[in-house]
Amino acid sequence: MLVGYIASRKNKESESKSVDGQLASVFIIAMLVSRLSFVAQYWQEYSANWLSIIDIRDGGFNLWAALIALLVMVTWYSWREPKTRKHFLSGAVAGFLVWSLVSVGLWAIEDTSQRLPKLVVSELNGQTIELNDIEAGKPRVINLWATWCPPCRREMPVLQQAQQENPDTGIIFVNQGEHPAVVEQYLQKESLDLKNTVMDTKGMLGQLVGSRALPTTLFINAEGELVDAHLGELSRASLAAKLERMKQSEIKK
């Protein structure tokens, strides 16, 4: 009896390890499919810099591709391994439920009806202006940045190109806490021609929208409502995806 108990226990442990490995494989494959699908969709943006394909910090993933890959892999493993099917399906369902609960929780706490806060900023020439008045009536992209922030500096050419290519979208650069002379010197040194560069010398915008790091990019619809946000560096592809999503939502109204 004792030998039988030990043997059955080892068998269960072996099955558990097998299921864990299968679940890990499913997750990895789904993430790869999701990333590659996004890269294929925005290949023109990634082709200029192949290394950016493996830089997943830009958040470039295709959710539908991931879900389809998960469904296919779960079906395949369930059919291929009937002995561990029950444990595998239980693990897959549990994982999906946890992911769903986290996603729903994040969606619930994200107040997409939050409006762009009222804030007076200053232009490089010292003139003050209400942030809400800059490019009012258009969908807007508001970038919180600083010259000392390496990711901010890297994404500046990306945002400059987007500003030139999307005249129907207002792209605004709100510097956080620096002196205008520092910003002007940086723009000249980097040969950047950025419209709508304004100064938030006390860094109030970051506090008002709950941003704790730079760069932070806010996506505002034509009604002045915050509809999306991105913390960290934007790639050409991730910015293009967010701009496309924002434009589609405006068309549907």
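This is a predicted model: local features need pLDDT of at least 70, side-chain atom pairs count only at pLDDT 80 or more; totals for chains, interfaces and linings use all residues.

Student: What does the secondary structure of the protein chain come to?

Tutor: Helices (H or I, at least four residues) and strands (E, at least two) are DSSP runs, numbered from the N terminus. Here the protein chain has eight helices and seven strands.

Student: How much of the protein chain is buried?

Tutor: Buried means under 20% relative accessible area, exposed over 50%, and partly exposed in between (1.4 Å probe, protein chains only). Of the 253 residues in the protein chain, 39% are buried. Accessible areas come from the Shrake-Rupley method with a 1.4 Å probe, and for residues only the protein chains shown count as cover. The accessible surface of the protein chain is about 15300 Å², and carbon and sulfur atoms hold 61% of that.

Student: What share of the contacts joins residues 24 or more positions apart?

Tutor: A contact means heavy atoms within 4.5 Å. Among contacts in the protein chain with a separation of 6 or more, 69% are between residues 24 or more positions apart.

Student: Which residues have the most contacts inside the largest nonpolar core?

Tutor: A nonpolar core is a set of buried Ala, Val, Leu, Ile, Met, Phe, Trp, Tyr and Cys residues joined through side-chain atoms within 4.5 Å. The largest one has 21 residues, and Trp-145, Met-156, Phe-173 and Leu-239 have the most contacts inside it. Two or more residues of this core come from each of strand E3 (140-145), helix H5 (150-165), strand E4 (170-176), helix H6 (180-189) and helix H8 (236-252). H5 gives the most, with five residues. A second, separate core has 15 residues, including Ile-142, Val-174, Leu-205 and Leu-218.

Student: How many salt bridges does the structure hold?

Tutor: A salt bridge is a side-chain nitrogen of Lys or Arg within 4 Å of a carboxyl oxygen of Asp or Glu. The structure holds five. One of them pairs Glu-135 with Lys-138, with the closest N and O atoms 3.1 Å apart. Another joins the side chains of Glu-190 and Arg-153 (3.7 Å, N to O). That pair links distant parts of the chain, 37 residues apart: Glu-190 is in the loop between H6 and E5, and Arg-153 is in helix H5.

Student: Which parts does the salt bridge between Asp-228 and Arg-245 tie together?

Tutor: In this salt bridge, the closest N and O atoms of Asp-228 and Arg-245 are 3.8 Å apart. Asp-228 lies in strand E7 (residues 226-231) and Arg-245 in helix H8, so the bridge ties together parts 17 residues apart in sequence. Salt bridges with shared partners join Asp-228, Lys-242 and Arg-245 into one network. Asp-228 counts as buried because its relative accessibility is 19%, whereas Arg-245, at 47%, is partly exposed.

Student: Is Ser-211 buried or exposed?

Tutor: Ser-211 has a relative accessible area of 18%, so it is buried. Its place is the loop between helix H7 (204-209) and strand E6 (216-220). A polar atom of the Ser-211 side chain lies 3.0 Å from the backbone oxygen of Ala-213. Apart from neighbours within four places in sequence, Ser-211 is in contact with Gly-206 and Thr-216.

Student: Where is the cis peptide bond?

Tutor: The cis peptide bond joins Leu-214 and Pro-215, with omega about -5°. Pro-215 is in the loop between H7 and E6.

Student: What is phi for Ser-191?

Tutor: Phi of Ser-191 is near 55°, a positive value in a residue other than glycine. Asn-196, also not a glycine, has a positive phi of about 60°. Ser-191 is in the loop between H6 and strand E5 (197-200), and Asn-196 is in the loop between H6 and E5. Ser-191 counts as exposed because its relative accessibility is 62%, while Asn-196, at 24%, counts as partly exposed.

Conventions:
Residues are numbered from 1 along each chain as its sequence is written. Side-chain values use heavy atoms; hydrogens and water are left out. A polar contact is a pair of N or O atoms within 3.5 Å; within protein, one must be able to donate a hydrogen and the other to accept it, and residues adjacent in sequence count only if both atoms are side-chain atoms.
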